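Visitor: I have a model to look through, and I'd like to know what packs against what. Can we put it on screen and go through it piece by piece?

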Amino acid sequence: MYKDKIVLCGASAYEQKYYFNEDFKELPQSVQDELHIMCVMYTTEIGGVLTLEFDEEGELQFRVEALEADAMFDEIGSALRIKQIRKEKQELLEALELYYRVFFLGEDVSLDEE
């Protein structure tokens, strides 16, 4: 069913809009709110368009796009901000990947990692 990249959410500094994929509406509202804040804050600070999408293996990828004519887009700041988000939100991002692999890819994830 889910073989290609699937967008979880995204935000655009150009359109000043936030997108959340309704396929993930079962996520707790607090998680949805945190994703919303994270994406909007990124585009407010850095500019461009940020989308969070799951790849074929179920890993969450940050995809950033900016218009060539956008002199205000901070490419270096973008990489640093994503690195900071990955560090600060590591637990959330890992939980989202696990959720996706179980409920969307149908993987049997064993909890016997002790």
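**Inside the fold**

Visitor: Which residues does Phe 24 touch, not counting those up to four places away in sequence?

Guide: Contact here means heavy atoms within 4.5 Å. With sequence neighbours up to four places away left out, Phe 24 touches Ile 6, Val 7, Leu 8, Gln 32, Phe 54, Tyr 99, Tyr 100 and Phe 104.

Visitor: What kind of model is this?

Guide: Residues are numbered from 1 along each chain as its sequence is written, and side-chain values use heavy atoms, with hydrogens and water left out. Local features need pLDDT of at least 70 and side-chain atom pairs count only at pLDDT 80 or more, while totals for chains, interfaces and linings use all residues, as this model is predicted.

Visitor: Which residues touch the most other members of the largest nonpolar core?

Guide: A nonpolar core is a set of buried Ala, Val, Leu, Ile, Met, Phe, Trp, Tyr and Cys residues joined through side-chain atoms within 4.5 Å. Buried means under 20% relative accessible area, against over 50% for exposed and in between for partly exposed (1.4 Å probe, protein chains only). This core has 27 residues, and those with the most contacts to other members are Leu 8, Phe 24, Leu 27, Leu 35, Leu 52 and Leu 96.

Visitor: Which elements each supply at least two residues of this core?

Guide: Helices (H or I, at least four residues) and strands (E, at least two) are DSSP runs, numbered from the N terminus. The contributors are strand 1, helix 1, strand 3, strand 4, helix 2 and helix 3.

Visitor: Is strand 3 largely enclosed or largely open?

Guide: Count its buried residues: five of the six qualify. So the rest of the structure leaves strand 3 largely enclosed.

Visitor: Which residue in the turn of the hairpin has a positive phi?

Guide: Strand 3 and strand 4 run antiparallel, joined by six bridges. Five residues lie between them in the hairpin, and the one with a positive phi, about 90°, is Gly 58.

How values were computed
Pairing = 2+ DSSP bridges.
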